[in-house]
Amino acid sequence: MTSELDGDSPELSRPARRQAEIAAYVVKHGSVSANDLVEAFGVSVMTVHRDLDELERQGIVRKYRGGVTAQPTSVFESNVAYRLNTAQAEKSALARHARAMIEPGMSVMLDDSTSALALIDLFEDITPLTVATNFLPAIGKLSQLRDVTLLALGGIYSPSHDSFGGLPCAQAVEALHSDLLFCSVSAVSATHAFHQEQEIVLVKQAMLRSARTKVLLVDHGKLQRTALHRLAPLTDFDLVVVDEKTPADLVEALRDHGATVEVAPL
């Protein structure tokens, strides 16, 4: 499958190739000014803004006064291309720590987070497993593994998240009961997990109801933040795993509010 950020496809028109290159540039840098893009790509300010309007329409970036960003806010979640390229070492550490909870023969549910996606690279020596997920990159990886029974959870496809969601997906989730759920969110306060989009929250809440043991994987960059929609209290999770870059006082604050927290070494 060709990425929407792949600027090398011969099928793309010249403007589409430039837009793909601009998208990749913004994803790499997180946030840039319009003037940065004019200088980097040798085009006019008008052309840059026209390209950014199209990329914003696709949900890849968000414009603000004087520039553009791929970073999340309390209302908007980052595009999956940005999330795949951030906090990679931390997500790998969380996955290694979480892997110890999985035993052959278990049923595992993964949400559409890139934190949970990192676990799949560690599955090969703990099969057989049954794995359910609504995340298309996870489905692609799992389909290549032997001794993994894959349950692909369908629903309404979101290009910006590269996953399936909405009520059809939530209903598919609630027809299951898994041994383990590994999931993440975009923001975590001292007491609650949050996400920017109600459609995503709907599916994640269904996953929480459908799993025996619920594990939240959170890199330190998501802590001390909130987003528009409250997903669940942290005490609803059996375990919250953070990476070792998390300040000790934040770990203690989470524990003081009742969460069970483990720190994953990098």
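Student: In which sense do strand 11 and strand 13 pair, and over how many bridges?

Tutor: This is a predicted model. Strand 11 covers residues 192-195, and strand 13 covers 229-233. One of the bridges joins F194 to R230 in strand 13. The sense of the pairing is antiparallel, and the number of bridges is four.

Student: Which strands of the open sheet stand at its edges?

Tutor: The open sheet has three strands in the order 10-11-13, with antiparallel pairing.

Student: Which residue stands opposite F194 on the strand 10 side?

Tutor: Strand 10 and strand 11 form a hairpin, with three residues between them. They pair in the antiparallel sense over two bridges. The residue opposite F194 of strand 11 is A187.

Student: Which residues of strand 11 point the other way from H192 and F194, and are they buried or exposed?

Tutor: H192 and F194 point one way from strand 11. Buried means under 20% relative accessible area, and the four residues named for this strand, on either side, are buried. Those that point the other way are A193 and H195.

Student: Strand 11 and strand 13 pair over four bridges. Which helix packs on the sheet, touching strand 11 and strand 13, and what angle does its direction make with that of strand 13?

Tutor: The helix that packs on the sheet spans residues 198-209 and touches both strand 11 and strand 13. This is helix 9, and its direction makes with that of strand 13 an angle of about 15°.

Student: How many disulfides does the structure hold?

Tutor: A disulfide needs cysteine sulfur atoms within 2.5 Å. For C169 the closest cysteine sulfur is in C183, 13 Å away, so the two are too far apart for a bond. Both count as buried, C169 at 0% relative accessibility and C183 at 3%. The number of disulfides is zero.

Conventions: Residues are numbered from 1 along each chain as its sequence is written. This is a predicted model: local features need pLDDT of at least 70, side-chain atom pairs count only at pLDDT 80 or more; totals for chains, interfaces and linings use all residues. Side-chain values use heavy atoms; hydrogens and water are left out. Two strands pair if DSSP finds at least two bridges between them. Contact means heavy atoms within 4.5 Å. Axes are lines fitted to C-alpha atoms, for helices over the stretch in contact, and angles run from 0 to 180 degrees between N-to-C directions. Buried means under 20% relative accessible area, exposed over 50%, partly exposed in between (1.4 Å probe, protein chains only).
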